[in-house]
Amino acid sequence: MPDLSPQEIARRTKQARSGRPWLRLQAQVYVEETECWICHRYVDQSLPGTTHPMARTVDHVHPLWLGGDPLDRANCRLAHRRCNSARNNQLRAARRHRPTYTTDVTTL
């Protein structure tokens, strides 16, 4: 899949995290799942959602910035906030271009 433009990523992210369809999907995930799909540990759903690192979040299995469907239930799973952030950071780092340096062995 080709990389999405920054504008398309912003549009998908906004669509995925606003409105009644998102709130319904989020509530459905919270009711149906009890374990973080990344670390496989129990998620305490009573923790404060925006401040606690082990609070519940809905993670998109196929990230939005890679073309994942924002409102597809099959693409959404329960995760700890910390696990979700770490996974996203790892995915972005893996896709980041790193310069490679090569040396001709015969010149050494």
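Which elements each supply at least two residues of the lining of the largest pocket? They are α1 (6-16), α2, β1 and α3. The points below take the structure part by part.

1. Basis. This is a predicted model, in which local features need pLDDT of at least 70, side-chain atom pairs count only at pLDDT 80 or more, and totals for chains, interfaces and linings use all residues. Residues are numbered from 1 along each chain as its sequence is written, and side-chain values use heavy atoms, with hydrogens and water left out.

2. Strands. Helices (H or I, at least four residues) and strands (E, at least two) are DSSP runs, numbered from the N terminus. β1 (56-60) and β2 (76-80) pair in the antiparallel sense over 5 bridges; two strands pair if DSSP finds at least two bridges between them. Val58 stands opposite Leu78 in β2. Buried means under 20% relative accessible area, exposed over 50%, and partly exposed in between (1.4 Å probe, protein chains only). In β1, 4 of the 5 residues are buried, so this strand is largely enclosed by the rest of the structure. For β2 the count is also 4 of 5 residues buried, so β2 is largely enclosed by the rest of the structure.

3. Helix α3. This helix covers residues 81-95, 15 residues in total, and reaches 22 Å from its first C-alpha to its last, close to the 21 Å expected at 1.5 Å a residue. The expected span is 1.5 Å times one less than the number of residues. Cys83, Asn84, Arg87 and Ala93 are buried in α3. The buried residues of α3 pack against β1 and β2.

4. Largest pocket. Its volume is about 410 Å³, and 20 residues line it, with Arg17, Val58, Asp59, His60 and Asn84 nearest its centre. A pocket, on a 1 Å grid over the protein atoms alone, is an open set of points where a 1.4 Å probe fits, with protein on both sides within 12 Å along at least five of seven lines; lining residues have an atom within 4 Å of a point. The volume is the space filled by probe spheres set on the points. α3 gives the most to the lining, with 7 residues. By class, the lining has 8 nonpolar, 7 polar and 5 charged residues. Ala, Val, Leu, Ile, Met, Phe, Trp, Tyr, Cys and Pro count as nonpolar, Asp, Glu, Lys and Arg as charged, and the others, Gly among them, as polar.

5. Loop between α2 and β1. His40 lies in the loop between α2 (19-32) and β1. Phi of His40 is near 65°, a positive value in a residue other than glycine. His40 counts as exposed because its relative accessibility is 56%. Leu47 is found in the loop between α2 and β1 and, at 23% relative accessibility, counts as partly exposed. Leaving aside its neighbours within four places in sequence, Leu47 is in contact (heavy atoms within 4.5 Å) with His52, Met54 and Ala55.

6. Helix α1. Glu8 lies in helix α1 and is partly exposed, with a relative accessible area of 23%. Glu8 and Trp65 are 57 residues apart in sequence and 8.3 Å apart in space, C-alpha to C-alpha.
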